Amino acid sequence: MAENNNASNYNDFNQKLKDATIMMVDDEPINTEVLQIHLEDAGYKNFVVTDQSTQAIALMQSSRPDVLLLDLSMPEVSGFDILKIIRSDSNLRHIPVIILTSASDSESKLKALELGATDFLSKPADPSELALRLRNALTVKAYHDQLAYYDTLTGLPNRQLFLDRLDWAIKKAQRSGESVAVLHVGFSQFNEISVTYGHKTGDELIKQISERLKACLRNNDVVTRGREDEITNIPARVSSGDFTALLVGMEHIESSSIVAKRIINKMSEAFNIEGNEFFLDTSIGIAAYPVDADEPESLFSLAASSNAYAQEHGMNNFQFYSDEINARSSERLKLETHLRKAIQNEELHLFYQPKVDPNTEKVTGMEALIRWISPELGFISPADFIPLAEETGLIVPIGEWVLNEACRQTKEWQQDGLDGLTISVNVSSEQFRLQDLSQVIQKALKRSGLDPVCLILEITESMIVGNPEQTSETLRQLKDLQLSISIDDFGTGYSSLSYLKKFPLDELKIDRSFIMEVDKDADDKAIVTAIIAMSHSLGLKIVAEGVETKPQLEFLNTLGCDQIQGFFFSKPLPKDEFPLFAAKMNKL
C-alpha cells in the first residue's frame, strides 16, 4: 500500500511539474519554436512566448510563469536588463531563470549569475539536457514554494501567498469587470477545544476544517503559480484557527453568500477526533472588490472586520462589509427561500412563444419559457430568478419540471388537433453536465407519449466548447433518442465554426441583437446573410429571434430563413391562449 501511495504521489508531483507555465524570451522566433517542440515532446503544455524583449516584464507580471528561459543578447532590452528587473521585483524575484546563450565567455556567465540567473544552457540546446535542467529548476522552485508559501499543517496557502493571489485576482477583475470576494472564516470554540484537549486534537481539528472548507469551494485544488485563466477559488489558513477564502469570477457579489451558507452548513456537522465529537459555531465576514476596496491588504482587513460584525449578530451567520450588499443579500436569501417552494406550490408556469414559417406564416412549433408568479412576491422576472436557480443548483429540478410539463402539454395539443408541432426546451449548463441527462429526457418522453422527433433541446455555445470529449458523448446520447439539438443565441458566444461541423447539431438560432437593425444596418445584414448561408450549407435549420417588424421579416424571408420568433407574430403566450393562436394562424 505504501508503495502505491508513493507512486501516486510521484505521479501527482510529476503532473504538477508538467502543468507549469514556461515563458521564453528570445529575439529569434525559430529558437523558441524549436524549444517549445522539444518541451511539448517532454509533456509540457503551457507556454508564454515573445520575441519582443521590451514586452517581457509586462508579460511576466500578467502571466506569472513558473520558469523563464531567457536569451542574453537581444536589442533594446537585453537579457541582463530583464534579469536585473526581475530580481528587484518582489512579485517576480522567486521565478527561476535559465539563461540560453551562445556566449562561451566566463564574464557573461559570471555577470548573469551575479544578477540572479538560476542555470545556463548553451545554444542549440540538447533536448534531453533541456528537459533535465527544466525539471531540476521546477523541482527546486516547488520545494521552495512549499516552505515559503504554504501552511505546513494543512497544505493550504499561507497569508503571504493568499495576498499575492488576491492581488493577481484583483488585477484580472479590473480587466474583466467581474467581482472578487474575500471570506474570513472564524470558529468560536476552536481555542477552547485546543487548550482543553491539547494541541494534537487542535491540529487534527484544523486539518478536518481545511478539508471541509476546500470541499465547499468550486475547485478543490490549491492553486500554484500558473496561467491567468487558472485563478480559482482558494482557501488559505491565515492564523491558528481562522481561514480565508478567495472567490473570483463573480458577476454579482451577493453570489458569495451561497458559498458562505455552504461553509456554515458543512461546518455545523460534528467533527470526530479520537472518539470525541466537537461542534463549532462559524462566523464569516465578506469584503469585496470593487465595492469595498481595491487593495489586497485592505480587502483582507475588511473581511476580518466583517467577521467580528458577524459574531456580534450571533454565530453561524455571515455579514458583508457593505450595508448595501447585506441588504441585497437578505433579499436574495428571501427569494431563494420562496424559489425552493415554487415547484411544489405550483407557482411556476410555462409560456409558449410561437415559431412561425416566414414563407407560409404558419405555426410550426413553440419555445417553452418559464415564468414565476408568486402569491406573496408577485411576478418575478426570469432575469432575477434564473441566475439564482443556477447558482443554488435549483435549476436542475426546475429544468426537469419544465421538460416534463412541456412534453406533456405538447402531446396534449397534438391530440387536440395541432399536429406536427415541435417544442423547444432550454437546457442549462448544470443540466447538460449531468450524467443521467439522457435518462431524464427519455423518462419525460415516455411519460408524456411525445414522439422524440418533436422535441428540440436548446443549448448555448459556451456549454459545448469547454470539454469537447464530454460534449460529444452527451450529444451522442441525446441524438440516440432521435430528438434535435439547437444552438441558442448564436453569435453572442464563441462563434467558432469548427464545432458546427464537429458536433451533431440540427438548428441555429440567430440572436436578436443581430435582428433588431437587420433591415437597416449593413453589418447586421452581412452577418445574418453569412450565418444563414453557412448554416444551410451544413444542413442546419435557422431560426431568427426577436423579429418585430415587417421589413425584418421580408429580409429574412428572402434569405430563406426557416423559422421566425418575435413580437411581429406573437409574444410568449400562456397555455390557454397558445392553441387558439396556432389554430387561427394555421386555419384549423
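Two strands are taken to pair if DSSP finds at least two bridges between them. Helices (H or I, at least four residues) and strands (E, at least two) are DSSP runs, numbered from the N terminus.

The model described here is predicted: local features need pLDDT of at least 70, side-chain atom pairs count only at pLDDT 80 or more, and totals for chains, interfaces and linings use all residues. Residues are numbered from 1 along each chain as its sequence is written, and side-chain values use heavy atoms, with hydrogens and water left out.

## Confidence

The predictor's confidence in each residue is given as pLDDT, from 0 to 100. The protein chain has an average pLDDT of 85, and 91% of the residues score at least 70. Over residues 219–232 pLDDT stays under 50; for this stretch the model has 46 contacts (heavy atoms within 4.5 Å) beyond four places in sequence.

An open sheet is formed by five strands in the order 2-1-3-4-5, with parallel pairing. Strand 2 and strand 5 (119–122) are its edges, each pairing on one side only. From one strand to the next the twist averages 20°. Strand 1 (residues 21–25) is joined to strand 2 by five bridges, and the two run parallel; within this pair, Met-23 stands opposite Val-48 of strand 2.

Two helices lie across these strands. Their angles run from 0 to 180 degrees between N-to-C directions, with axes as lines fitted to C-alpha atoms, for helices over the stretch in contact. Helix 3 (residues 56–63) lies across strand 1, strand 2 and strand 3 (67–71), and runs at about 175° to strand 1. Helix 4 (residues 79–88) lies across strand 1, strand 3 and strand 4 (97–101), at about 150° to strand 3.

Thr-50 belongs to strand 2 (residues 46–50). Residues are called buried under 20% relative accessible area, exposed over 50% and partly exposed in between (1.4 Å probe, protein chains only). Thr-50 counts as buried because its relative accessibility is 6%. Apart from neighbours within four places in sequence, Thr-50 is in contact with Met-23, Met-24, Val-25, Asp-26, Gln-55 and Leu-59.

## Strand 13 and its partners

Strand 13 (residues 348–356) has eight of its nine residues buried, so this strand is largely enclosed by the rest of the structure. Nine bridges connect strand 13 with strand 14 (residues 363–374) in an antiparallel arrangement, in which His-349 stands opposite Arg-371 of strand 14. The hairpin of strand 13 and strand 14 has six residues between the strands, and there Glu-361 takes a positive phi near 60°. Strand 13 is also joined to strand 22 (residues 573–574), by two bridges and again antiparallel; Tyr-352 stands opposite Leu-573 of strand 22.

A nonpolar core is a set of buried Ala, Val, Leu, Ile, Met, Phe, Trp, Tyr and Cys residues joined through side-chain atoms within 4.5 Å. The largest such core has 77 residues, of which Ile-441 and Leu-455 touch the most other members. Helix 14 (residues 395–415) gives the most to this core, contributing seven residues. Leaving aside neighbours within four places in sequence, the contacts of Leu-455 include Leu-403, Cys-407, Ile-423, Val-425, Ile-441 and Leu-483. A second, separate core of 33 residues includes Ala-181, Phe-187, Leu-213 and Ile-325.

Among the buried residues of helix 7 are Asp-164, Arg-165, Asp-167 and Trp-168.

## Backbone details

The peptide bond from Tyr-289 to Pro-290 is cis, with omega near 5°. Pro-290 is placed in the loop between strand 11 (282–289) and helix 11 (296–312).

| Residue | Phi | Note |
|---|---|---|
| Gly-177 | about 80° | just after helix 7 |
| Gln-482 | about 75° | not a glycine |
| Asp-489 | about 55° | not a glycine |

Gln-482 lies in the loop between helix 18 (468–479) and strand 18 (484–490), and counts as exposed at 52% relative accessibility. Asp-489 lies in strand 18 and is partly exposed, with a relative accessible area of 26%.
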